[in-house]
Amino acid sequence: MNSPSKVPHFDPMSGDGAVPPQDVQIQVHLRKIPLLADLTPDEIALIRPELRFRHFNKREVVLHKGGSGDALLFLLSGQLQVVDITEDGRAIGLRMLAPGDFFGEIALINDSTRSASVVATSDVLVAFLPAATALHLFSHSPSVARQMLRHLAQKIQSDSEFRAVLSINNTARRIYTYLSLLQKPDGNNQAVIDNLPTHQDIANMINTSRETVTRALLSLVQQGIVQKESNRLVILDPAALQKLVQGA
């Protein structure tokens, strides 16, 4: 049986952001992290004491491009955005991360520096697994190896789809197509986008302005295609959204 891991008072990066003593009651169930879900009890016992935790505030940088690949990271709560910073200082969004996602694996596998930065788009809690322990799991745990292969395959497919989005010249269609990639069916002939990125985050992802994203979403609401809630988007008419994606 997997017992929860209590969050220790430890900051893997600096003196700021460490989980304060009054928060040690926060518990992390390791098997709720998909990459770790099928570990044996012995493997769970190996990594539990190695995990370190840190809170980040919204807009804080969790990982810096060019930094050392010294840990595998898990997002436990909140939302993150992987970004690349251009030479003129613009942030180009690459992908969004949700709770349960892991990141920083490429630098570990390649023994290289971080290829992108990761920024908190909300308050987040992140777990750090030291590189040596993570690499041991990659090579000695069949379940982790299978999950990692599946993850890398999905990442290649997702990156290909995202490049296709960026190649669309019409900005509105680019927005609609990006939303269609984010949507998940809800079983009622509708679809939802949970943890909807902010308009600015969407704009960063698809190389447009926040105002353009706002206008496009307002148009979808006015047409009855979507319903916007506090932090989610309900796609009331997925077929109509798909027609817009196709340029109809």
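Predicted model: local features only at pLDDT ≥ 70, side-chain atom pairs only at ≥ 80, totals over all residues.
The protein contains eight helices and 14 strands. It has 248 residues, and 41% of them count as buried. Its accessible surface amounts to about 12800 Å², with 52% belonging to carbon and sulfur atoms. Of the contacts between residues at least 6 apart in sequence, 69% link residues at least 24 apart.

In soluble globular proteins, nonpolar side chains tend to be buried together. The largest nonpolar core in the model comprises 26 residues, among which Y178, I206, L220 and L233 touch the most other members. At least two residues of this core come from each of α4, α5 (171–182), β12 (191–193), α6 (199–206), α7 (210–222), β14 (233–235) and α8 (238–245).

When neighbours within four places in sequence are set aside, I206 is in contact with F162, V165, L166, R174, I175 and Y178. Y178 is also listed with I206 among the residues that touch the most other members of the largest core.

Helix α4, which spans residues 142–166, also contains K155. K155 has a relative accessible area of 19%; because the cut-off for buried is under 20%, K155 counts as buried. Beyond residues up to four places away in sequence, K155 touches R95, E105 and I106.

How values were computed. Residues numbered from 1 in each chain as written. Heavy atoms only, no water. Helix = DSSP H or I, 4+ residues; strand = E, 2+ residues; numbered from the N terminus. Buried < 20%, exposed > 50% of the residue type's maximum accessible area, 1.4 Å probe, protein only. Contact = heavy atoms within 4.5 Å. Core = buried A, V, L, I, M, F, W, Y, C linked by side-chain atoms within 4.5 Å. Areas by Shrake-Rupley, 256 points an atom, 1.4 Å probe, with all protein chains shown as cover.
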